[in-house]
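Trainee: I would like to learn how to read a structure, feature by feature. Can we go through one together?

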Amino acid sequence: MTAVTALARYAPRYKVEVGEPEGPEWLRVDRILEPDGPELTELLKRDYDASGHMSAHANALSLLSFYAGRAPAAALLLWALEGRVLDIRPDNLWVRPHDGHGLAAVAIRSARFLPGGLETLYDVVLRQHLLPLSAELHRRTSAGVRQLHGGVAAGCAMGFCAATRERETVSPTYLLDRWRTFVAKAPGGLARLGDIEIAAGKLVYLRNTCCLYFTSEAGTGTLCGSCCLTPRDERLAAYEAGRPIITV
């Protein structure tokens, strides 16, 4: 078992298939990022249909939060644990949409690592991937850049938080320190858009932006556990009590 495939033991979102995938259901990420490309149109439609969004604005925000919480998760956790940067540049990365919203699977052509540390991670996760995706969603819809970047921040945070929510966990204190190192100088102003705390022995994310998922038919007026529309102390209390929450 390689270091990459071993990550799946921490949580399902870290599972990565190695080898160029086959089948029309797989979308190569560099094509998702193309202006007006059909791949991103397909992802938006799937999320729109599954969630029953009331607006293109909310559709874009919801899609980005779920996408950012899955596509780069393995690379973020691997950097946090080992300091190595997995090559998830857009031309080496594929995603398979879920039947509803979000991603069912992630694949890379080869499990190679790139030279460098945090700046390289910023390049492959943010500058070459999630921030251009945000820009394209902003161009296509009325979604604001700050709200979109809030989805990026929340998704990246889950790359750290999810590993402390399963049976086999990594030390939350250690991962909190790694998150703070990552977010401190992250492009896109991510440090201002939310923060991670420890609650009930696990890492939890507290957003400063809203993804508007509660406005969708699927959301049925229920706020996500991390949503900024709920006062911070109430969110932390809910996490501490282990009450059901919605996470990206």
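Trainee: In which order do the strands of the open sheet run?
Mentor: Strands (E, at least two residues) and helices (H or I, at least four) are DSSP runs, numbered from the N terminus. Two strands pair if DSSP finds at least two bridges between them. Here 4 strands form an open sheet in the order E1-E5-E4-E2, with mixed pairing. Strand E1 (17–18) and strand E2 (27–28) stand at the edges with a single partner strand each, so one side of each has no neighbour in the sheet. E1 pairs with strand E5 (residues 103–108) in the parallel sense, over 2 bridges. Glu17 stands opposite Ala107 in E5.

Trainee: What should I know about the model itself?
Mentor: This is a predicted model: local features need pLDDT of at least 70, side-chain atom pairs count only at pLDDT 80 or more, and totals for chains, interfaces and linings use all residues. Residues are numbered from 1 along each chain as its sequence is written, and side-chain values use heavy atoms, with hydrogens and water left out.

Trainee: Which residues of helix H9 are buried?
Mentor: Buried means under 20% relative accessible area, exposed over 50%, and partly exposed in between (1.4 Å probe, protein chains only). In helix H9 (residues 232–241), Arg235, Ala238 and Tyr239 are buried. Seen down the axis, the buried residues of H9 fall within an arc of 100 degrees, so they line one face of the helix. That arc is taken from the directions from the helix axis to the C-beta atoms. An α-helix has 3.6 residues a turn, so residues three or four places apart point the same way. On the other side of H9, Asp233 and Ala241 are exposed. The cover over the buried residues of H9 includes strand E7 (194–199) and E8. Just after H9, Gly242 takes a positive phi of about 70 degrees.

Trainee: Where does Tyr205 lie?
Mentor: Tyr205 lies in strand E8 (residues 202–207). Tyr205 is buried, with a relative accessible area of 2%. Contact means heavy atoms within 4.5 Å. Not counting residues up to four places away in sequence, Tyr205 touches several residues, among them Cys161, Trp179, Ser226 and Tyr239. Tyr205 and Ser226 are 21 residues apart in sequence, yet 5.9 Å apart in space, C-alpha to C-alpha.

Trainee: How many aromatic pairs are there?
Mentor: Rings of Phe, Tyr and Trp (its six-membered ring) pair if their centres lie within 6.5 Å; planes under 30 degrees apart count as stacked, over 60 as edge-to-face and the rest as tilted. The whole structure has 8 aromatic pairs. Phe160 and Phe182 form a tilted one, 5.8 Å centre to centre with 40 degrees between the planes. Phe160 lies in helix H7 (residues 145–161) and Phe182 in helix H8 (residues 172–184), so the pair ties together parts 22 residues apart in sequence. Trp79, Tyr122, Phe160, Trp179, Phe182 and Tyr205 form one aromatic cluster.

Trainee: How many disulfides does the count come to?
Mentor: A disulfide is a pair of cysteine sulfur atoms within 2.5 Å. By this rule the count is 0. Cys161 is in no disulfide; the nearest cysteine sulfur, that of Cys156, is 11 Å away. Cys224 is in no disulfide either, with the nearest cysteine sulfur, that of Cys211, 4.1 Å away.
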